[in-house]
Each structure stands twice: as structure tokens, then as C-alpha cells.
Amino acid sequence: MYLIAGLGNIGSEYDGTRHNIGFDVVDALVNKHGGSFTVDRLAAKAEITYRGKSLTCIKPTTYMNLSGKALRYWMEKKKIPVERLLVITDDIALPLSRLRLRGNGSDAGHNGLKSVFEEFQTENYPRLRFGVGNGFPRGMQVEYVLGKWRMDEMPLVKIKIEKSVQVVESFVHLGLERTMNDYNKIEITL
């Protein structure tokens, strides 16, 4: 059993924003494997299988700042150990051309990851960071991450979402270390 958690904010005003890329990746994963979401406790949830393994995929309905509550609930309900959790989130420290899978690390100022830390009291859990770049003026970070992707970014974003789905599949099938070796150094371009 695995828990794949894409972070984002509920509500149509957040659709297509950089901060909601975790939702977009989980949507693509579930869609690829023929699943569908239902609203359940603290999250929209879908159950899929990949290579004989069960994946519970969630998009927390708690808003970003309380994402950890949904993750904690589903991990306890499904009895999933922390090493089989994968959190997918946006990252302004990475350029749009990069993805980075890690087994641990700080929240780097990300409110969703702060919430996960508050619930679990550890930074030792796998996370996939989807680079969104940092093309914003000083003091405009919130507006940037809550802003919609530009039209010229969308072709690359779509390729990266597909690549992110491959990373999740590799994480489940081949494990964290192998997947980090295979994907962390890749520069994703059109």
C-alpha cells in the first residue's frame, strides 16, 4: 500500500495555478490508471493499482496550510508507513525544467510541507518537488505561486506532469533511491 498525496488548494479559483501542481500530477496519475475521485474524509480520494501494488491517491480538501491533517488521517486509516508516502508539491527553488525526488528535507518555507511536519514531527518522508521557477519580483511570491501558468509555460508543464507520473510509478515499482538516480539529474525541455 502507498499513499500518493498531491498538495494544492480546493476551489476553482486555484485550478491551473502553480501552487496546485500537486493536484494536477495526482489527477494525471489517477486518470492514466483508470481511477476516479470521490470526496471522502479530508480529501478527494482515488484507489488505483500499479504493478500489483495498491495506491491511495489523495488531494486534501483542507487547504494547503492544513494538508498534514489529511495525510495523517489516510496514513493511519490505511496503515501506510511513512516510507510509502509520496508528497507532490510545487517548489520555487527549482527551475521549471527540473523535478527533484528526495527522501527527506526541510519545508523550505512551503506551508503544505510545514503542515506535514507539524503532524508527523519528522522531515523524513519522500517528496517530489515540481520546479515552478522564481520569476517574480521581490515580495510577490504569494501572487506568483497562486497565479496561473502562462500560456508559453503550458507545453513544458504538460510534459513535466507526464514525467512526474513516471516518477511516481518508478517510486512505487523500483523504490526511492533508484528513482532519484534516474530522474533527479534530468533537465526537462520541449
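Q: In which helix is I161 found?
A: I161 is found in helix α5, residues 154–174. The model is predicted: local features need pLDDT of at least 70, side-chain atom pairs count only at pLDDT 80 or more, and totals for chains, interfaces and linings use all residues. Residues are numbered from 1 along each chain as its sequence is written, and side-chain values use heavy atoms, with hydrogens and water left out. A helix is a DSSP run of H or I with at least four residues, a strand is a run of E with at least two, and numbering starts at the N terminus.

Q: Why does I161 count as buried?
A: The relative accessibility of I161 is 14%. Buried means under 20% relative accessible area, exposed over 50%, and partly exposed in between (1.4 Å probe, protein chains only). I161 therefore counts as buried.

Q: Which residues is I161 in contact with, leaving aside its neighbours within four places in sequence?
A: I161 is in contact with I21, D24, V25, A28 and F130, where contact means heavy atoms within 4.5 Å. For V25, 136 residues away along the chain, the C-alpha separation from I161 is 5.5 Å.

Q: Where does F130 point from β7?
A: F130 points one way together with L128, while R127, R129 and G131 point the other way; all of them are buried.

Q: What makes β7 mostly covered?
A: Five of its five residues are buried.

Q: How do you know that β5 and β7 pair?
A: Two strands pair if DSSP finds at least two bridges between them. β5 and β7 have five bridges, in the parallel sense, and in β7 the partner of I88 is L128.

Q: In which sense do β6 and β7 pair, parallel or antiparallel?
A: Strand β6 (residues 99–102) pairs with β7 in the antiparallel sense, over four bridges. R100 has R129 of β7 as its bridge partner, and R102 has R127. R100 and R102 form the uncovered face of β6, whereas L99 and L101 form the covered one.

Q: Why are the buried residues of α3 said to line one face of the helix?
A: In helix α3 (residues 111–120) the buried residues are G112, L113, S115 and V116. Seen down the axis of α3, they fall within an arc of 155°, so they line one face. The arc is taken over the directions from the helix axis to the C-beta atoms.

Q: What do the buried residues of α3 pack against?
A: They pack against α2 (67–78), β5 (85–91) and β7 (127–131).

Q: Why is Q121 called exposed?
A: Q121 has a relative accessible area of 56%. The cut-off for exposed is over 50%, so Q121 is exposed. Q121 follows α3 and lies in the loop between α3 and β7.

Q: What is noted about phi of Q121?
A: Phi of Q121 is near 55°, a positive value in a residue other than glycine. Most residues other than glycine have a negative phi.

Q: Which loop holds K79?
A: K79 is found in the loop between α2 and β5. Phi of K79, a residue other than glycine, is positive and near 55°. The relative accessible area of K79 is 70%, so K79 is exposed.

Q: How much space lies in the largest pocket?
A: About 390 Å³ lies there. A pocket is an open set of points on a 1 Å grid over the protein atoms alone, with protein on both sides within 12 Å along at least five of seven lines; a 1.4 Å probe fits at its points, and lining residues have an atom within 4 Å of a point. The volume is the space filled by probe spheres set on the points, which are joined across faces, edges and corners.

Q: Which residues lie nearest the centre of the largest pocket?
A: Of its 20 lining residues, H19, G109, N111, Q141 and V145 lie nearest the centre. β5 and α4 (141–145) each give two or more residues to the lining, and α4 gives the largest share, three residues.

Q: Why does G109 count as partly exposed?
A: G109 has 42% relative accessibility. That value falls between the cut-offs of 20% and 50%, so G109 is partly exposed. G109 lies in the loop between β6 and α3, and its C-alpha atom is separated by 13 Å from that of V145, 36 residues apart along the chain.

Q: What does N134 touch, not counting residues up to four places away in sequence?
A: N134 touches I92 and Y144.
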